[in-house]
Amino acid sequence: MASEGLPKTSDLSDPETQYILEGNARFRRLGWKRLTVISIVEAIALGSLGLPSAFATLGMVAGVILTIGIGLVAMYAGYNIGQVKLKYPEVGHYADVGHLLLGNVGGKIFVGSFVALLVFVIGSHCLTGAIAFQTITESSVCSVVFSIVSAAILMILAIPPSFAEIAILGYIDFASIILAIGVTVIATGIQSHSSTGTFSADHIPWSAWPIAGITFSQAIVAANNIVFAYSFAGCLPSFMEDMHTPEDYVKTLWWLGGIQIVIYTLTGSLIYAFVGQGVQSPALLSAGPVISRVVFGIALPVIFISGSINVTVVCRYIHGKFYHDSAARFINTRKGWMTWLGLISLVTVLAWVIAEAIPIFSELLSIISALFVSGLSFYIPPVMWFVLLRDGAWYEKHNLRPALCNLVVFIVGMIVFGCGTYSSIAELVNEFRSGEISKPFTC
């Protein structure tokens with residue numbers, strides 16, 4: 001869908017050209033308001049479900065500070081990414097930035113990271129879908145069956161290839177997550193009040209400080225769950241590619257960031273305050289047996305619609321590269337539809353394998369954050385500013401403030417990557433050794 005794909009006026013009678021014109025008209029009709037809805041749907045999903053557990057590990061004070069601080073850092077990094085997209089229109093997806101920074105080698109590295117991040121995120125939605133179905137049905141059916149059903153739903157919802165077409169589902173998705181979180185907060189609050197007879201802080205088992213005996217790995221895994229909640233940056237260039245006025249992305253960025261910070265802070269703090277150290281991950285499990293079944297039912301749209309958007313993003317990138325010089329890239333020809341359906345099926349199967357291989361919600365989110373979100377959302381955007389956006393030397397007066405801000409973002413990303421990778425693997429190994437979780441691909 002790059003500008004070089006547009007036909008010459010003299011070619012308008014050619015059938016191939018007609019497909020290209022129809023494709024451009026179909027895909028480039030996304031406004032900033034619809035983009036805000038889609039971004040909220042893609043961003044405010046599973047991340048919010050892991051926050052109360054993170055607060056329980058880190059304590060209320062550190063949880064709130066990290067949630068707000070990481071949110072602001074992610075917004076600034078996202079601004080850099082959008083500026084690169086505007087300055088270099090040939091960037092259709094995040095992976096294309098790699099070629100600008102490091103040539104062919106960088107392009108391959110970025111492609112691998114971009115695709116892997118989204119496949120892992122899809123896997124986390126597949127895992128959550130399986131947990132939801134198990135909770136709702138209270139069935140003894142093998143969890144692998146539920147994960148297969150979840151994967152199938154994700155694949156079906158990813159069939160429409162245009163983000164503008166998906167936007168209508170976004171309103172349902174947003175209502176779903178807000179209602180599910182709201183019911184969980186209210187239910188846990190009522191249960192807390194009923195059990196103590198008061199809302200006094202002396203009777204509610206939450207703490208302002210980290211849990212006693214907290215290990216380094218536990219702290220980093222909890223922090224990474226907060227980082228994962230702000231992993232929206234990887235999809236930003238893909239969404240902007242469908243906008244009729246890409247410059248409006250800034251409006252979406254501020255609305256999205258502000259809404260995320262408010263929802264995440266309230267979700268993490270309130271559910272943790274009401275439930276205490278016994279809060280579970282995903283947080284919807286903390287509402288009690290009956291209410292958990294209800295809220296998981298309410299949350300099914302967000303689990304699957306948000307996950308399907310990630311399927312669409314990664315498949316749009318692969319499909320577009322494969323058919324770069326063909327009208328089939330617009331998925332409005334027979335060949336285009338056949339390869340599109342095959343591609344979303346393949347990506348969904350890969351995501352299902354990951355969900356079964358790492359069947360622990362918190363650890364899966366932490367691994368995603370450490371390996372992929374750390375770079376795509378944090379330490380790479382500052383490099384973009386320094387290499388692609390900076391005007392003059394970094395130490396010139398007009399560059400000092402953005403240079404300092406980008407340094408902070410870069411440091412945050414490197415901490416998440418280095419410490420997070422070690423801690424996530426260590427915690428995962430401990431979980432398997434302790435026998436607290438089942439082996440992969442088993443019931």
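Accessible areas here come from the Shrake-Rupley method with a 1.4 Å probe. By that method, the chain of this predicted model has an accessible surface of about 18,000 Å². Carbon and sulfur atoms account for 69% of that surface.

**The chain as a whole**

The chain holds 15 helices and zero strands. Of its 443 residues, 56% are buried. When contacts between residues at least 6 apart in sequence are considered, 84% of them join residues at least 24 apart.

**Two helix pairs**

Two packed helices are described by the angle between their axes and the distance between the axes. The table gives these values for two pairs in the chain.

| Helix pair | Angle | Distance between axes |
|---|---|---|
| α7 (residues 143-157) and α12 (residues 289-322) | about 55° | 8 Å |
| α6 (residues 97-137) and α13 (residues 334-357) | about 65° | 7 Å |

Helices α7 and α12 pack at an angle of about 55°, which makes α7 oblique to α12. The crossing of α7 past α12 is right-handed. On the α7 side, the contact is made by Ser-150, Ile-153, Leu-154 and Leu-157. The α12 side contributes Ile-303, Phe-304, Ile-305, Gly-307 and Ser-308. Sorted by class, the contact of α7 with α12 has six nonpolar residues, three polar residues and no charged ones.

Helices α6 and α13 pack at an angle of about 65°, and are therefore roughly perpendicular to each other. The crossing of α6 past α13 is right-handed. From α6, the residues in the contact are Val-119, Phe-120, Ile-122, Gly-123, Cys-126 and Leu-127. From α13, they are Val-347, Leu-350, Ala-351, Trp-352, Ile-354 and Ala-355. The contact of α6 with α13 divides into eleven nonpolar residues, one polar residue and no charged residues.

Ile-226 lies in helix α9, which spans residues 216-228. Its relative accessibility is 0%, so Ile-226 counts as buried, the cut-off for buried being under 20% relative accessible area. Apart from neighbours within four places in sequence, Ile-226 is in contact with Leu-51, Ala-54, Leu-58, Gly-63, Leu-66, Thr-67 and Ile-70. One of these residues, Ile-70, is 156 residues from Ile-226 in sequence. In space, Ile-226 and Ile-70 are 7.8 Å apart, C-alpha to C-alpha.

Conventions: Residues numbered from 1 in each chain as written. Predicted model: local features only at pLDDT ≥ 70, side-chain atom pairs only at ≥ 80, totals over all residues. Heavy atoms only, no water. Axes fitted to C-alpha atoms, helices over the stretch in contact; angles between N-to-C directions. Helix = DSSP H or I, 4+ residues; strand = E, 2+ residues; numbered from the N terminus. Parallel < 35°, antiparallel > 145°, perpendicular 65-115°, else oblique. Left-handed = near helix turned anticlockwise from the far one by under 90°. Contact = heavy atoms within 4.5 Å. Nonpolar A, V, L, I, M, F, W, Y, C, P; charged D, E, K, R; others polar. Buried < 20%, exposed > 50% of the residue type's maximum accessible area, 1.4 Å probe, protein only.
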